[in-house]
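Here is a short report on one protein chain. Please keep the sequence and the model open while reading.

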Amino acid sequence: MEIRIDYTVEYRDRRSACVTVRPDGSVRVLAGRMFSLAFLDEFVAKKAVWIIERQTFYARMSDFAPEVYLLGRRYEVVCVHGEGRRGVERDDAGGRLVVRAPEGAEERTLRRWFAAEAERELPRIFREEEERVLPLVRAKAPSVGVVGVRSFYGRCHTATGNIDLARMLIHAPEECVRAICCHELAHLVYKSHGARFKALLGRICPQADEATALLECRGCAPWEGR
Ligand SMILES: [Zn+2]
């Protein structure tokens with residue numbers, strides 16, 4: 001069976017020929033002016049297996065994360081390859097995250113961006129809740145850290161007063177993050193989840209039950225859009 005591969009040729013001042021597959025699946029040959037089209041047809045046919053592998057790879061990559069969530073808001077992921085600075089641009093009006101990265105580095109770039117957002121946004125939300133809640137619970141201000149774990153959303157080291165928030169919370173709706181912050185702040189007063197803990201949490205965060213139930217039920221992973 002002969003596989004026909006469509007390609008475009010760009011002639012250059014060079015002594016060799018090379019073939020590239022673009023992320024949209026199109027095939028381009030850069031060739032010196034001495035090469036005939038018949039030669040290039042054969043040249044491309046010899047590389048058919050490699051070309052189809054690249055096309056399959058790009059077809060898979062293009063939907064590697066069609067949508068993701070930032071604090072509960074859904075964004076479409078759009079990958080842009082090529083020159084320019086690597087990074088992620090947030091387009092709130094268009095509901096898009098534009099990922100600029102070399103081919104194959106899109107997912108890593110997006111994950112790094114989310115990690116940086118988590119480092120910035122989660123402590124900010126925590127400090128807002130802390131400012132509101134601390135006068136009510138009369139506890140000492142804790143330190144807060146963001147940790148890359150899957151086993152919990154928040155953790156309070158009652159002995160040291162350190163609170164950890166899970167990085168994955170960056171995907172969850174903000175009300176859920178606020179509820180987790182309040183839950184951990186309540187642990188500064190009561191270590192266990194007894195009646196007094198529940199009463200305090202109900203006072204400082206009346207919507208805590210619904211918000212944490214939503215989180216328990218869905219987890220953060222579904223908000224990652226995978
Ligand atoms: Zn707890």
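Which residue in β5 does Leu 70 stand opposite? Leu 70 stands opposite Arg 73.

## Basis of the model

This is a predicted model, in which local features need pLDDT of at least 70, side-chain atom pairs count only at pLDDT 80 or more, and totals for chains, interfaces and linings use all residues. Residues are numbered from 1 along each chain as its sequence is written.

β4 (67-70) and β5 (73-80) run antiparallel and are joined by four bridges. Helices (H or I, at least four residues) and strands (E, at least two) are DSSP runs, numbered from the N terminus. Strands pair if DSSP finds at least two bridges between them. Two residues lie between the strands of this hairpin, and Leu 71 takes a positive phi near 45 degrees. The covered face of β4 holds Val 68 and Leu 70, while Glu 67 and Tyr 69 are on the uncovered one.

## Domains

The domain assignment, automatic or from a database, gives domain 1 (8-61), domain 2 (67-111) and domain 3 (120-224). The C-alpha centres of domain 2 and domain 3 are 28 Å apart. Five residues from domain 2 and eight residues from domain 3 make the contact. Two residues are in contact if their C-beta atoms, placed from the backbone, lie within 7 Å.

The side of domain 2 that touches domain 3 has four nonpolar, one polar and no charged residues. Here Ala, Val, Leu, Ile, Met, Phe, Trp, Tyr, Cys and Pro count as nonpolar, Asp, Glu, Lys and Arg as charged, and the others, Gly among them, as polar.

## Nonpolar cores

The largest nonpolar core has 34 residues. Such a core is a set of buried Ala, Val, Leu, Ile, Met, Phe, Trp, Tyr and Cys residues joined through C-beta atoms within 7 Å. A residue is buried if 20 or more other C-beta atoms lie within 10 Å of its own, exposed if 12 or fewer, and partly exposed in between, with C-beta atoms placed from the backbone. Leu 169, Ile 180 and Cys 182 have the most contacts inside this core. Its largest share, eight residues, comes from α4. Domain 2 and domain 3 both give residues to this core, so it lies between them.

Leaving aside neighbours within four places in sequence, Ile 180 is in contact with Tyr 153, Gly 154, Leu 165 and Leu 169. A second, separate core has five residues, including Val 21, Val 29, Ala 31 and Ile 51.

## Strands around β10

β10 (162-166) pairs with two strands, β8 and β9. Strand β8 (residues 143-147) is parallel to β10, over five bridges. There, Gly 145 has Asp 164 as its bridge partner. Strand β9 (residues 154-157) is antiparallel to β10, over four bridges. Cys 156 has Ile 163 as its bridge partner. β9 and β10 form a hairpin with four residues between them, and Gly 161 in the turn has a positive phi of about 75 degrees.

Ala 208, Ala 211, Thr 212 and Leu 215 are the buried residues of α6. Seen down the helix axis, they fall within an arc of 90 degrees, so they line one face of α6. The arc is that of the directions from the helix axis to the C-beta atoms. These buried residues pack against α4 and α5 (195-204). Glu 210, Ala 213 and Cys 217 are exposed on the face turned away. Just after α6, Gly 219 takes a positive phi of about 70 degrees.

Arg 203 is in helix α5. Arg 203 is partly exposed, with 14 other C-beta atoms within 10 Å.
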